[in-house]
Amino acid sequence: MDLQLLSKNKVHGGWHKRYSHTSGVNNCDMTFAVFIPEAVDDHNRAPVLYWLSGLTCTDENFMQKAGAFRAAAEHGIILVAPDTSPRGEGVADDPQGNYDFGLGAGFYVNATQAPYSSHYHMFDYVSKELPEIIDAHFPTNAKKAISGHSMGGHGALVVGLSHPHAYSSISAFAPITHPIDCPWGQKAFQGYLGGDQSTWLRYDSCEMLKSIPPSECPPILVSQGLADNFLTEQLKPHCLAQAAEHAGIDIVIEEHAGYDHSYFFISSFIDQHIAFAANAFMN
């Protein structure tokens with residue numbers, strides 16, 4: 001694997017490093033960031049918490065704004081943050097240049113519609129290719145959890161629920177919970193997957209909960225700010241709560257008055273989410 005180190009910074013005793021590599025599933029170069037706590041090495045391997053970011057973001061948003069390093073170092077957890085979409089020459093973007101589709105908005109699906117099907121396979125990248133790279137090149141112990149924000153919260157739920165035995169826990173900040181029934185999701189699914197809405201269901205966490213036995217579902221934590229501008233139209237956490245109740249699956253959905261959709265919200269509760277993952281790793 002042609003990992004190319006782009007930068008490195010010492011932080012909380014460990015190392016934050018950014019890499020690029022050629023992605024076979026996305027057919028382009030991809031970028032990811034990793035934080036390795038100081039105590040982690042080949043003789044003291046650690047679990048991994050994957051973080052999926054939201055619309056317009058890259059790996060840098062989470063690593064620079066979330067303030068996650070201290071808690072990750074204390075719990076001995078490796079953090080991995082991929083980019084939110086393929087990028088580069090020849091990678092198709094939204095024809096109108098809108099922020100909610102194309103570059104920076106991969107939506108963590110495997111696109112089937114041209115021209116996006118040539119590169120946009122973020123589901124396979126996050127769930128298969130990237131973990132294989134991380135396990136091959138870094139001191140992991142094969143345990144992993146997944147978390148994310150907004151579009152990335154949707155991705156964390158969908159990837160985690162698609163592979164419930166592979167992830168110790170799933171968590172999300174302000175996730176898009178029911179994308180087949182919100183403008184962001186409908187636009188993305190129409191563009192990436194086409195008009196057959198039956199193909200959309202595998203990427204909708206509310207629909208996915210219908211087919212997962214409660215005993216097989218990993219622990220799930222969702223944090224939602226009640227001052228979030230996108231709460232009613234795009235995020236719809238009540239839909240996730242209803243789907244979980246109907247499926248008999250216990251999901252913790254915490255509401256936080258006054259908090260919005262920003263990294264001010266994420267940085268306020270990221271320690272809780274890292275502790276949530278750490279607790280699941282021990283069970």
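Visitor: In which helix do Phe 265 and Phe 269 both lie, and how many residues apart are they?

Guide: In this predicted model, both residues belong to helix H9, which covers residues 263-282. Phe 265 and Phe 269 are four residues apart there, about one turn of the helix.

Visitor: Why would that spacing matter for the direction of side chains?

Guide: An α-helix has 3.6 residues a turn, so residues three or four places apart point the same way.

Visitor: Which residues do ring pairs link into a cluster?

Guide: The cluster consists of Trp 51, Phe 62, Phe 173, Tyr 259, Phe 265 and Phe 269.

Visitor: Phe 173 is in that list. What about strand E7, is it buried or exposed on its faces?

Guide: Strand E7, residues 170-173, is covered on both faces. Ile 170 and Ala 172 are buried on one side, and Ser 171 and Phe 173 are buried on the other.

Visitor: Which strands pair with E7?

Guide: Strand E6, residues 140-149, pairs with E7 in the parallel sense over four bridges, and His 149 stands opposite Phe 173. Strand E8, residues 220-225, also runs parallel to E7 and is joined to it by four bridges. In that pairing Ile 170 faces Ile 220 of E8.

Visitor: What unit do E6, H4 and E7 make?

Guide: Together with helix H4, residues 151-162, the strands E6 and E7 form a right-handed β-α-β unit.

Visitor: And what is the phi of Ser 150, in the loop between E6 and H4?

Guide: Ser 150 lies in that loop and has a positive phi, near 60 degrees, although the residue is not glycine. Ser 150 counts as buried because its relative accessibility is 3%. Ala 174, in the loop between E7 and helix H5, likewise is not a glycine and has a positive phi of about 45 degrees. With 0% relative accessibility, Ala 174 counts as buried.

Visitor: Back to E6. What does Ile 146 touch?

Guide: Ile 146 is in strand E6 and counts as buried because its relative accessibility is 1%. Leaving out residues up to four places away in sequence, its contacts include Leu 49, Tyr 50, Leu 52, Val 126, Ala 156, Val 159, Tyr 167 and Ile 170.

Visitor: Tyr 167 is one of those contacts. Which charged end sits over its ring?

Guide: The charged end of Lys 144 does, 5.1 Å from the ring centre. Elsewhere, the charged end of Lys 8 sits over the ring of Trp 15, at 5.2 Å from the centre.

Visitor: New topic: where does helix H3 bend?

Guide: H3, residues 122-137, bends by about 35 degrees at Leu 130, and Pro 131 follows within four residues. Its buried residues include Phe 123, Tyr 125, Val 126, Leu 130, Pro 131 and Ile 134. Among the elements that cover the buried residues of H3 are strands E2, E3, E4, E5 and E6, and helix H4.

Visitor: Where is the cis peptide bond at Pro 115?

Guide: The bond runs from Ala 114 to Pro 115, with omega near 0 degrees. Pro 115 is in the loop between E5 and H3.

Visitor: How many residues of E5 are buried?

Guide: Five of its five residues are buried. Ile 78, Val 80 and Pro 82 lie on one side, and Leu 79 and Ala 81 on the other.

Visitor: And which strands pair with E5?

Guide: E3 pairs with E5 in the antiparallel sense over four bridges, with Phe 32 opposite Pro 82. E4 runs parallel to E5 and is joined to it by three bridges; Tyr 50 has Val 80 of E5 as its bridge partner.

How values were computed:
Residues numbered from 1 in each chain as written. Predicted model: local features only at pLDDT ≥ 70, side-chain atom pairs only at ≥ 80, totals over all residues. Heavy atoms only, no water. Buried < 20%, exposed > 50% of the residue type's maximum accessible area, 1.4 Å probe, protein only. Helix = DSSP H or I, 4+ residues; strand = E, 2+ residues; numbered from the N terminus. Pairing = 2+ DSSP bridges. Right-handed = clockwise from strand over helix to strand, strands pointing away. Bend = angle between axes of the 7 residues up to and from the residue. Contact = heavy atoms within 4.5 Å. Phe/Tyr/Trp six-rings, centres within 6.5 Å; stacked < 30°, edge-to-face > 60°. Lys NZ or Arg CZ within 6 Å of the ring centre and 35° of its normal.
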